[in-house]
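Please look over the sequence and the structure below. The paragraphs after them go through some of the features one by one.

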Amino acid sequence: MANGKSEPTRILILGGGYVGLYTALGLQRKLRSGEASVTVVDPQPHMTYQPFLPEAAAGSIEPRHVVVPLRRTLKRCHVVTARVTGIEHARKVVTIEAPDGHVEELGYDVLVVALGSVARLLPIPGLVEHGITFRTIGEAIYLRNHVMSKLDEADSTLDPELRKRLLTFTFVGGGFAGIEALAELEDMARFATQYYKNVAPEDLRFVMVEAAGRILPEVRESLGVYTVLELEKRGIEVYLSTLAKSFEGGRVVLSDGTEFDSDTIVWTAGVKSNPVLAGSDLPLTKQGRLRATAAMRVEGLPDAWTAGDCAAVPDLSRTKDDPGAICAPNAQNAVRQARLLAKNIVTALRGGEPKDYYHKNIGSVASLGLHHGVGDVFNVKAKGFVAWAMHRAYHVKAMPTFNRKVRITIDWLTGGLFRREVISMGQINDPKAEFARVSKA
């Protein structure tokens with residue numbers, strides 16, 4: 001065996017997101033029989049392809065089709081549904097908590113840390129009580145049903161102040177996640193108003209709040225300006241260089257003095273590295289990300305690897321001008337790093353020298369609702385339908401497994417033929433409510 005043992009090398013992958021899934025896929029394809037065992041630990045039994053969450057929330061894609069079942073896909077790996085609560089690399093042990101609450105330890109020979117990031121919450125009054133994050137399929141489904149429920153409630157009330165509150169939708173954070181979620185849900189909601197007698201498109205109020213002076217920092221500034229102008233043409237209010245000060249009681253208070261009531265507050269203002277790392281004995285940067293080499297090894301630890309949002313992998317394409325440059329925490333980097341990471345781990349197991357990751361940026365594309373988009377690809381600007389088509393083509397290509405690629409394509413085709421669904425299924429958020437009501441009758 002590559003490690004000189006009679007038993008296979010135990011590879012433990014923490015996280016089943018982009019990096020975890022793609023690394024495990026690569027390993028199960030490249031490892032010889034009996035060479036190593038691969039275990040993947042994640043609190044969810046699936047990987048979520050986050051770039052498709054806005055379209056899933058808007059009804060353009062069936063939500064089940066934007067997630068990849070880990071057990072079905074990783075047939076040669078052992079999948080453990082549990083939450084990682086501690087890492088002790090000195091003992092080569094990881095502590096996990098299962099859904100039923102029991103805690104156990106898992107040993108390993110080689111560790112892959114792919115825990116990703118979590119929403120960055122700020123100490124804003126009312127945020128935890130009234131904010132909705134947008135990082136999981138559950139949150140996308142919840143947000144869709146929430147928005148549709150607000151239309152239902154507004155259609156059924158005669159109180160003008162309540163209607164105004166119900167039909168005000170606030171999004172905080174002007175990155176890709178926030179802009180795409182805002183644009184897709186605004187497009188869906190305005191389309192849905194045709195089925196409501198008492199709700200007109202002009203009754204809806206959509207607000208975007210961004211602390212920086214521009215949105216979509218991943219594309220050139222002129223395209224960010226274009227996007228703001230396009231959103232404003234659709235009646236969306238955009239507040240730049242503006243902080244959210246309070247959300248108490250659903251009352252939105254902004255740093256420029258603007259105040260209004262909103263029953264929907266979507267929080268997409270950045271991410272931070274998974275907090276589990278802070279309690280580990282692994283080397284971290286000041287930002288809480290794992291220190292890594294360009295080959296994606298954890299610094300000073302030859303049997304520990306990392307990539308993705310939780311890793312500070314040097315960006316070799318920029319280190320000439322900025323020696324401390326690290327790869328941006330985005331899906332493009334995560335997927336590419338994971339593919340090379342699987343090769344590097346196998347190479348190292350067999351005594352070879354792993355290769356450095358070099359990121360060649362091809363650009364970014366964003367959907368702004370049906371038939372609308374913006375993109376900066378290979379240094380070429382794209383707008384409107386062309387950018388929207390490029391967005392769909394790129395992401396369906398990047399979506400893991402042929403099964404999911406086909407299902408998503410069929411969703412788009414049927415959506416074009418029969419138009420999107422505008423049904424509210426808010427009852428799934430509280431399935432026992434009716435049972436409890438009847439039991440009290």
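**A pocket, a set of rings and a sheet**

With 4 residues, α11 gives the most to the lining of the second largest pocket. The model is a predicted one. The pocket itself holds about 430 Å³ of space. Its lining is made up of 19 residues, and those that lie nearest the centre are G59, E62, P63, R144 and E421. Two elements give two or more residues to this lining: α5, which covers 137-155, and α11, which covers 402-418. As for how such spaces are found, rolling a probe the size of a water molecule over the atoms shows where empty space is left.

The aromatic rings come next. A pair of aromatic rings is described by the distance of the centres and the angle of the planes. The structure has 7 aromatic pairs. One of them joins Y49 and F52, with 5.3 Å from centre to centre and 55° between the planes, and this pair is tilted. Are these two residues buried or exposed? Y49 counts as buried because its relative accessibility is 2%, where buried means under 20% relative accessible area. F52 has a relative accessible area of 0%, so F52 is buried as well. Y49 and F52 also belong to one aromatic cluster, together with Y18 and W412.

Another of the pairs is formed by F171 and F206. Here the centres are 6.4 Å apart and the planes are at 25°, and the pair is stacked. This pair links distant parts of the chain, as F171 is in strand β12 (residues 168-172) and F206 is in strand β13 (residues 205-209), 35 residues apart. Both F171 and F206 are buried.

A ring can also have a charged side chain over it, as with F260. Which residue lies over the face of F260? It is R205, at 4.4 Å from the ring centre.

Strand β24 covers residues 373-377, and its antiparallel pairing with β25 runs over 4 bridges.

How values were computed. Residues are numbered from 1 along each chain as its sequence is written. This is a predicted model: local features need pLDDT of at least 70, side-chain atom pairs count only at pLDDT 80 or more; totals for chains, interfaces and linings use all residues. Side-chain values use heavy atoms; hydrogens and water are left out. Two strands pair if DSSP finds at least two bridges between them. Rings of Phe, Tyr and Trp (its six-membered ring) pair if their centres lie within 6.5 Å; planes under 30 degrees apart count as stacked, over 60 as edge-to-face and the rest as tilted. Buried means under 20% relative accessible area, exposed over 50%, partly exposed in between (1.4 Å probe, protein chains only). A charge sits over a ring if NZ of Lys or CZ of Arg is within 6 Å of the ring centre and within 35 degrees of the ring normal. On a 1 Å grid over the protein atoms alone, a cavity is a set of points where a 1.4 Å probe fits but cannot get out, and a pocket is an open set with protein on both sides within 12 Å along at least five of seven lines; lining residues have an atom within 4 Å of a point. Grid points are joined across faces, edges and corners, and a volume is the space filled by probe spheres set on the points.
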